[in-house]
Amino acid sequence: MSEAPQAARALILFGPPGSGKGTQAKLIQDCLRIAHISTGDMLRERMQCGDDLGQVIKRLVDNGELVTDELVNRMVEERIGRPDCAAGFILDGYPRTLSQAGTICQRLAARGFGWVVVHLKVDYNIIIRRLAGRRHCMKCGAVFNLASNPPKVADSCDKCSAALTVREDDKEQVIRRRLEAYDAQTRPLIEFFSAEGNAFHEVDGAQAAPQQIAMRICELIRNRNGE
Ligand code: AMP
């Protein structure tokens, strides 16, 4: 099923690492045909350049720390101005700090977008299990999970047969640092977005199949559009 949204809206999707933001964003993108903006993907792409900035980003990301607000704000501002965002877009993994949240709300308002905010909640024990089983194809970007979505041939990508790898920041020590960063810097967004004027929803990211969770989020966006 796929349909065009009735009004230009941004979906702000946040939650701890491993809560399924990326999976949900892709399913919702298929359903609503709006752009998917993942700051994590944009940063990993930037890291590949290997220049000074790429190396600074890589050090922070590999260490489970956040990159600067200034850099991600700039990247997102440039991205949401592109034509494919005019009908609406999903922000996956952004904002992650109160300062980023304040910036994006101002920019969305200035561009005439409404927004719906979804916090994906998942127990940290489930997250650690999920992330530790994650395998990535560095060639085509496919993501597998040894527990829930294993590749057909061990350690090999189903789509392009390249070798699968564990992302540096999916190693257990780093996962714990990412969760600490989430608690300290991103969790306060719950209170920020619960404030009046935001359409804020908490969705359990572990109790149902990914497709069912995505349908529920699409419904929240449709209901908001119908206001
Ligand atoms: P993700 O793929 O969304 O889990 O992001 C991977 C890593 O990229 C994070 O652990 C951070 O180091 C960095 N990152 C992604 N989005 C942001 C953001 N909005 N602000 C700061 N750092 C970010």
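This is a predicted model: local features need pLDDT of at least 70, side-chain atom pairs count only at pLDDT 80 or more; totals for chains, interfaces and linings use all residues.

Q: Which residue stands opposite Ile90 in S3?
A: Leu11 stands opposite Ile90, and S1 and S3 pair in the parallel sense over five bridges.

Q: Which way do the residues of S3 point?
A: In a regular strand, side chains alternate between the two faces of the sheet. Here Gly88, Ile90 and Asp92 point one way, whereas Phe89 and Leu91 point the other way, and all are buried.

Q: What does Phe89 touch?
A: Leaving aside residues up to four places away in sequence, Phe89 touches Arg9, Ala10, Leu11, Ile34, Ala35, Ile37, Ile80, Leu108 and Phe113.

Q: Which residues of H5 are buried, and what do they pack against?
A: An α-helix has 3.6 residues a turn, so residues three or four places apart point the same way. In H5 the buried residues are Gln100, Ala101, Thr103, Ile104, Cys105 and Leu108, and they pack against S1, H4, S3, S4 and H8.

Q: Which members of the largest nonpolar core touch the most other members?
A: Nonpolar side chains tend to be buried together in soluble globular proteins. Of the 32 residues in this core, those touching the most other members are Ile12, Phe14, Phe89, Leu91, Ile104, Leu108 and Phe193; the largest share, five residues, comes from H4. A second, separate core of 18 residues includes Leu32, Ile90, Leu120 and Ile213.

Technical notes
Residues are numbered from 1 along each chain as its sequence is written. Side-chain values use heavy atoms; hydrogens and water are left out. Buried means under 20% relative accessible area, exposed over 50%, partly exposed in between (1.4 Å probe, protein chains only). Helices (H or I, at least four residues) and strands (E, at least two) are DSSP runs, numbered from the N terminus. Contact means heavy atoms within 4.5 Å. A nonpolar core is a set of buried Ala, Val, Leu, Ile, Met, Phe, Trp, Tyr and Cys residues joined through side-chain atoms within 4.5 Å. Two strands pair if DSSP finds at least two bridges between them.
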